[in-house]
Amino acid sequence: MTFVSRRMYKNKNTMKIISCSDSGLDCDFISEGKTKKEVMDSAIDHIREKHPTHWDKFKVLPPDQVFEILESSIKEL
Ligand SMILES: [Zn+2]
């Protein structure tokens, strides 16, 4: 698994995204949101539905750690 943690801070109205391909998944889905929570919730829903084997690796981790991993995958546009 490779998680991209490159962050760009431009202004507060940036769009936050998490892309599956950045998380090492062969998928072109991109979760978008205005807040970290929004983009992480949407990514979790998507991973749970579409990548059950990937989700299996997440669900055994403490929730805090899942959020940390997802947070490190967030990119701001
Ligand atoms: Zn995906």
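**Entry 1. Helices α1 and α3**

I looked up how helix α1 meets helix α3 (residues 63-73), and I found that their axes come within 10 Å and cross at roughly 105 degrees. Axes here are lines fitted to C-alpha atoms, for helices over the stretch in contact, and angles run from 0 to 180 degrees between N-to-C directions. The two helices are therefore roughly perpendicular to each other; that class covers 65 to 115 degrees, while angles under 35 count as roughly parallel, over 145 as roughly antiparallel and the rest as oblique. I then listed the residues that meet: K36, M40 and A43 in α1, and F67, L70 and E71 in α3. Contact requires C-beta atoms, placed from the backbone, to lie within 7 Å. By class, this contact has four nonpolar, no polar and two charged residues. Ala, Val, Leu, Ile, Met, Phe, Trp, Tyr, Cys and Pro count as nonpolar, Asp, Glu, Lys and Arg as charged, and the others, Gly among them, as polar.

**Entry 2. Basis of the model**

I noted that the model is predicted, that local features need pLDDT of at least 70 and side-chain atom pairs pLDDT 80 or more, and that totals for chains, interfaces and linings use all residues. I number residues from 1 along each chain as its sequence is written.

**Entry 3. Overall layout**

I counted three helices and three strands in the protein, and from the N terminus on the elements run β-β-α-α-α-β. Helices (H or I, at least four residues) and strands (E, at least two) are DSSP runs, numbered from the N terminus. Of the contacts between residues at least 6 apart in sequence, 46% join residues at least 24 apart.

**Entry 4. The sheet**

I traced an open sheet of three strands in the order β2-β1-β3, with antiparallel pairing. Its edge strands, β2 (30-33) and β3 (75-76), each pair on one side only. Pairing requires at least two DSSP bridges between the strands. Strand β1 (residues 16-19) pairs with β2 over four bridges and with β3 over two. K16 stands opposite G33 in β2, and the bridge partner of K16 in β3 is E76. For S19, the bridge partner in β2 is I30. I also recorded that α1 lies across β1 and β2, running at about 150 degrees to β2.

**Entry 5. Faces of β1**

Buried residues make up 16% of the 77 residues.

**Entry 6. The core**

I listed the largest nonpolar core, which has seven residues: I18, V39, M40, A43, I47, L70 and I74. Helix α1 (residues 36-50) gives the largest share, four residues. Such a core is a set of buried Ala, Val, Leu, Ile, Met, Phe, Trp, Tyr and Cys residues joined through C-beta atoms within 7 Å. Not counting residues up to four places away in sequence, I47 touches H54, W55 and F58.

**Entry 7. Two glutamates**

E32 lies in strand β2, and I noted it as partly exposed because 14 other C-beta atoms lie within 10 Å. Leaving aside neighbours within four places in sequence, E32 is in contact with M15, I17 and V39. E32 and I18 are 14 residues apart in sequence and 6.7 Å apart in space, C-alpha to C-alpha.

E38 is in helix α1. With 13 C-beta neighbours inside 10 Å, E38 also counts as partly exposed.

Methods: A residue is buried if 20 or more other C-beta atoms lie within 10 Å of its own, exposed if 12 or fewer, and partly exposed in between; C-beta atoms are placed from the backbone.
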